[in-house]
Amino acid sequence: MGGDGVRRRLAVANAAGLAAGYALDALVGDPRRWHPVAGFGRAAGALEQRAYRPDPAAGAVFTGLAVGGPVLLGAAATVLTRRRPVTRAVLVAAGTWTVLGGRTLRREATVMRHALRRGDLPAARNRLGHLCGRDPSLLDESELARATVESVAENTSDAVVAPLFWGAVAGLPGLLGYRAANTLDAMVGHRSARYARFGTPAARLDDLLNLAPARLTGLLTIAVAPTAHGDRERAWRVWRRDRNDHPSPNAGQCEAAMAGALGVRLGGRNRYFGRTETRPFLGDGPRPEARHLKRAARISGAVGLAALGVAAVYPVTLGRVVAAAGRWGWTAAAHTARSAARPVPSVRRLPALPGTRVGRAGAGATPSAGGGRAGTGGSR
């Protein structure tokens, strides 16, 4: 089969692998034991102990090594399966299942909803650590519900849309590299005395990788709002108005759209262990309650399905066009480089004929005095 046929089959294999991995996550959820992401976290923690210095340069080295390893692993698998589309599909499916967390996210929202509906605040406070790093000790029902809605909105991007986006754009290296960067951000990217400088490179890399997925998440949230009895026009209005008020360049995109879709107001004072942040309000309406968590989880699931559709279609449509353009650009650049490096042939001078004199700069012969016109050989 020609090169175009192989590339077409690999594009289909990548799309099929993304779909199969998403289905595994939706049906099975995260692996109960021997989770690869947990293993990566332990390895990154050991590397941090050796690489830690309270400065950004050490953090950049740590981030490069920790993210570069999974990217190289994915690149090697991609090269080894370039003529094995079935194997490629299996590996992409396994990678997608490993890095997605949609089912777990929705399950945590459901557990929190049940605890709040029972009025069991101690159980709800104990459960909040599965979603975010806030101090739950003083939070009431409304604040616990708000924290859950905000976490569901942001993590729909981090744990579902962004992995699918990078899997569609960059295949296995994109899947593994994104999850590694996002895991590092959760480990060292937060503000604390230890990681204020060391964790900056990991946090900035995560911000960069989430720029496009977070905005896609916001737009998809608006599009699917009616699936949870949300108002699409209100979601669009709130998203446009409030999305840039959040201190994070990406979280506000997701949270503002969710606030508009649910008709609630997010934001306010967040208490973490040892510090407090006051964030602008996002959206209009009442503060979230337990009843809003079911709708938030439903929107998260619908956004995930929509993102899967985009991700599965990309490799066999626009992705092939982008790849072809990249190959053409690379070929043109290589041709230009070869042409520039090719030596210019020197011009060999011929000896002057009798009765001629060499013109200026030796460019050619001119007829001598009394001779005929050039090329005629005759006299007047």
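Because the model is predicted, local features are considered only at pLDDT of at least 70 and side-chain atom pairs only at pLDDT 80 or more, whereas totals for chains, interfaces and linings use all residues. Residues are numbered from 1 along each chain as its sequence is written, and side-chain values use heavy atoms, with hydrogens and water left out.

The protein chain contains 14 helices and four strands; helices (H or I, at least four residues) and strands (E, at least two) are DSSP runs, numbered from the N terminus. Of its 380 residues, 43% count as buried, where buried denotes under 20% relative accessible area, exposed over 50%, and partly exposed the range in between (1.4 Å probe, protein chains only). The accessible surface of the protein chain comes to about 20300 Å², and 60% of this area belongs to carbon and sulfur atoms; such areas come from the Shrake-Rupley method with a 1.4 Å probe, and for residues only the protein chains shown count as cover. Among contacts (heavy atoms within 4.5 Å) between residues at least 6 apart in sequence, 69% join residues at least 24 apart.

Two packed helices are described by the angle between their axes and the distance between the axes. Axes are lines fitted to C-alpha atoms, for helices over the stretch in contact, and angles run from 0 to 180 degrees between N-to-C directions. Angles under 35 degrees count as roughly parallel, over 145 as roughly antiparallel, 65 to 115 as roughly perpendicular and the rest as oblique.

Helix H2 (residues 36-51) packs against H7 at an angle of about 55°, and the two axes are 10 Å apart. H2 is therefore oblique to H7. The crossing of H2 and H7 is right-handed; a crossing is right-handed if the near helix is turned clockwise from the far one by less than a right angle, and left-handed if anticlockwise. On the H2 side the contact involves Val37, Phe40, Gly41, Ala44, Gly45 and Glu48, which meet Arg179, Ala180, Thr183, Leu184, Met187 and Val188 in H7. The residues of this contact divide into seven nonpolar, three polar and two charged; Ala, Val, Leu, Ile, Met, Phe, Trp, Tyr, Cys and Pro count as nonpolar, Asp, Glu, Lys and Arg as charged, and the others, Gly among them, as polar.

Two residues of H7 were examined individually. Thr183 is found in helix H7, which spans residues 141-188, and counts as buried because its relative accessibility is 12%. Leaving aside neighbours within four places in sequence, Thr183 is in contact with Val37 and Phe40. Ser151 is likewise found in helix H7 and, at 5% relative accessibility, counts as buried. Residues up to four places away in sequence not counted, Ser151 touches Leu105, Leu131 and Cys132.

Helix H5 (residues 102-117) and helix H13 (residues 290-313) pack at an angle of about 170°, with 8 Å between their axes. H5 and H13 are therefore roughly antiparallel to each other. From H5, the residues Leu105, Arg106, Ala109, Met112, Arg113, Leu116 and Arg117 meet Ala290, Leu293, Lys294, Ala297, Ser300 and Gly301 in H13. By class, the residues of the contact of H5 with H13 comprise seven nonpolar, two polar and four charged. Thr317 lies in the loop between H13 and helix H14 (318-341), and its relative accessibility of 39% places it among partly exposed residues. The C-alpha atoms of Thr317 and Arg8 are 9.9 Å apart in space, although the two residues are 309 apart in sequence.

Ala214, Arg215, Thr217, Gly218, Thr221 and Ile222 in H10 meet Gln253, Cys254, Ala257, Met258 and Ala261 in H12. Six nonpolar, four polar and one charged residue make up the contact of H10 with H12.

His229 is placed in the loop between helix H10 (211-224) and helix H11 (232-242). Phi of His229 is near 60°, a positive value in a residue other than glycine, and His229 is exposed, with a relative accessible area of 65%. Arg240, in helix H11, counts as exposed at 53% relative accessibility. Arg240 and Ala256 are 16 residues apart along the chain, and their C-alpha atoms are separated by 8.3 Å.
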